[in-house]
Amino acid sequence: MEALIKNINADCKLLAAILDCSSDSLLKSLINQAAKIKKKYCGNIVYLRGLIEYSNICRKNCHYCGIRKDNKTIVRYTVTEDEVINTAKLAYEKNYGSIIIQSGERNNKEFVKSIDKLIRRIKQVSNGKLGITLSVGEQSYDIYKMWYNSGAHRFLLRIESSDEELYKKIHPDDEIHSFINRLKALENLKKAGYQTGTGVMIGLPFQTSEHLAKDLLFMKDFDIDMCGMGPYLEHHKTPMWRYRHSLKPQKERFNLTLKMVALLRILMKDINIAATTAMQTIESGDRIKAIQAGANVLMPNITPAQYRDNYFLYENKPKTFEAPEDHLPHLEAGLKKINHSIGFGIWGDSKHFFNKNRQ
Ligand code: SAH
Ligand code: SF4
């Protein structure tokens with residue numbers, strides 16, 4: 001098996017077998033291979049996106065998510081415009097280079113306008129220098145294009161699972177949770193000009209290693225520019241809580257995520273891959289392991305403190321204001337230990353986006 005790692009290709013059975021194999025030495029070889037590739041194609045530089053969790057109001061009811069519409073037990077919030085601008089200014093002053101605005105999904109006019117205004121104002125207060133990634137769900141092509149024209153240039157929309165059957169098991173069966181519409185939204189993002197990112201949850205109930213292997217191949221076939229994937233983490237106020245006893249232990253879900261990151265890096269050498277917050281939830285310091293396995297983007301949470309408790313996607317999500325792990329000097333020191341530096345003050349775009357458009 002380990003000899004094969006040198007020549008990993010887009011073979012579904014091989015990928016599934018690697019994901020299934022629990023050998024520690026295999027995991028180490030994968031990580032080594034991915035680390036070499038990252039160094040060669042991207043350098044050992046980690047790009048920052050200051051994460052602003054803009055609102056937990058959502059029109060959808062994804063079966064796994066703690067801020068789903070039908071969870072009546074959380075306080076709903078939207079960060080005010082001025083607070084977002086002040087937070088973005090702070091990120092700019094700290095030399096973050098980019099921010100990401102994430103939110104529950106809404107598509108009413110008010111929401112669409114408020115995102116547009118935020119993008120324009122953030123560009124204004126940072127003299128056009130702060131890069132903006134959005135992660136605010138499915139919208140029409142025209143809306144995506146409008147936000148792009150206003151200054152957002154990267155967008156993350158996870159496919160969650162690229163297997164239509166599994167997707168249907170973890171979402172309600174209706175028009176606003178349609179798999180086909182999610183795929184169309186991803187196509188529209190590309191068409192509108194965004195560096196387009198997607199990703200999946202790892203360790204979902206009913207999910208097999210074949211599903212995950214297909215997810216990797218989906219990302220390759222779709223020719224994504226960026227990826228954010230993380231372990232699925234249970235939440236007691238969601239319909240999927242009932243499957244909690246059938247899940248792999250969290251540490252196993254984490255190791256599987258590391259493998260997915262390493263494999264994706266080997267398959268897609270020059271894309272951006274995020275070490276996600278959900279990884280950090282399982283054990284403090286785990287995001288650094290994801291960087292070692294091939295990730296090159298970190299998204300420290302910079303949401304104003306009073307809102308943090310209510311962006312409760314899954315259990316044990318880190319909540320404290322400026323968690324020590326998110327404190328930049330601490331991050332920088334941790335990264336230095338593994339011979340990485342932070343790309344301060346630069347957007348840190350996906351090299352893949354430019355390389356593929358040059359061809
Ligand atoms: N509403 C937008 C963006 C915010 S949700 C959207 O859905 O695209 C961001 C991500 O959180 C989702 O894509 C999902 O993959 C992740 N998420 C939600 N609930 C989760 C859970 N229980 N465990 C792990 N990740 C979860
Ligand atoms: Fe809403 Fe996104 Fe959560 Fe689905 S995953 S319920 S769209 S916030």
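Good morning. The structure holds 3 cavities of 30 Å³ or more. A cavity here is a set of points, on a 1 Å grid over the protein atoms alone, where a 1.4 Å probe fits but cannot get out. Grid points are joined across faces, edges and corners, and a volume is the space filled by probe spheres set on the points.

This is a predicted model, in which local features need pLDDT of at least 70 and side-chain atom pairs count only at pLDDT 80 or more, while totals for chains, interfaces and linings use all residues. Residues are numbered from 1 along each chain as its sequence is written, chains are lettered from A and ligands numbered from 1 in the order in which they are written, and side-chain values use heavy atoms, with hydrogens and water left out.

I begin with the largest cavity. About 800 Å³ of space lies in it, and the space taken by ligand 2 is this largest cavity. A molecule counts as sitting in a cavity if more than half of its atoms lie within 2 Å of the grid points. The largest cavity is lined by 35 residues, a lining residue being one with an atom within 4 Å of a point. Nearest the centre of the largest cavity lie Gln 102, Arg 158, Glu 160, Tyr 311 and Leu 313.

Which elements supply at least two residues each of the lining of the largest cavity? They include the strands β2 (50-55), β3 (98-103) and β8 (226-231), together with the helix α11 (277-282). Helices (H or I, at least four residues) and strands (E, at least two) are DSSP runs, numbered from the N terminus. By class, the lining of the largest cavity divides into 18 nonpolar, 9 polar and 8 charged residues. Ala, Val, Leu, Ile, Met, Phe, Trp, Tyr, Cys and Pro count as nonpolar, Asp, Glu, Lys and Arg as charged, and the others, Gly among them, as polar.

The ligand itself has a shell of Cys 58, Lys 60, Cys 62, Tyr 64, Cys 65, Ile 67, Arg 68 and Gly 104, where a residue is near a molecule if one of its heavy atoms lies within 4 Å of it. This shell around ligand 2 divides into 5 nonpolar, 1 polar and 2 charged residues.

The second largest cavity has about 100 Å³ of space. Its lining has 13 residues, and Arg 49, Leu 156, Met 226, Ala 274 and Val 297 are the closest to its centre. Two or more lining residues of the second largest cavity come from each of β5 (154-156), β8 and β9 (272-275).

I turn now to the pockets. A pocket is an open set of points with protein on both sides within 12 Å along at least five of seven lines. About 370 Å³ of space lies in the largest pocket. Of its 22 lining residues, the closest to the centre are Leu 19, Asp 20, Lys 248, Glu 252 and Leu 256. Helix α10 gives the most to this lining, with 4 residues. By class, the largest pocket is lined by 9 nonpolar, 8 polar and 5 charged residues.

The second largest pocket holds about 210 Å³ of space. Among the residues lining the second largest pocket are Ile 31, Lys 38, Asn 44, Gln 292 and His 340. The largest share of that lining, 5 residues, comes from α3. Lys 38 lies in helix α3. Is Lys 38 buried or exposed? Lys 38 is buried, with a relative accessible area of 1%; buried means under 20% (1.4 Å probe, protein chains only). The C-alpha atoms of Lys 38 and Lys 69, 31 residues apart along the chain, are separated by 39 Å.

Finally, the strands. Strand β1 (residues 45-48) pairs in the parallel sense with β11 (residues 341-342) over 2 bridges, and two strands pair if DSSP finds at least two bridges between them. Within this pairing, Val 46 stands opposite Ile 342. On β10 (residues 297-298), which runs parallel to β1 and is joined to it by 2 bridges, Leu 298 is the bridge partner of Leu 48.

Why is strand β4 (residues 131-135) largely enclosed by the rest of the structure? It is so described because 5 of its 5 residues are buried. In a regular strand the side chains alternate between the two faces of the sheet. In β4, Gly 131, Thr 133 and Ser 135 are buried on one side, and Ile 132 and Leu 134 are buried on the other. Strand β4 is joined to β3 by 5 bridges, and the two run parallel. Ile 99 stands opposite Ile 132 of β4. Thank you.

Key: Buried < 20%, exposed > 50% of the residue type's maximum accessible area, 1.4 Å probe, protein only.
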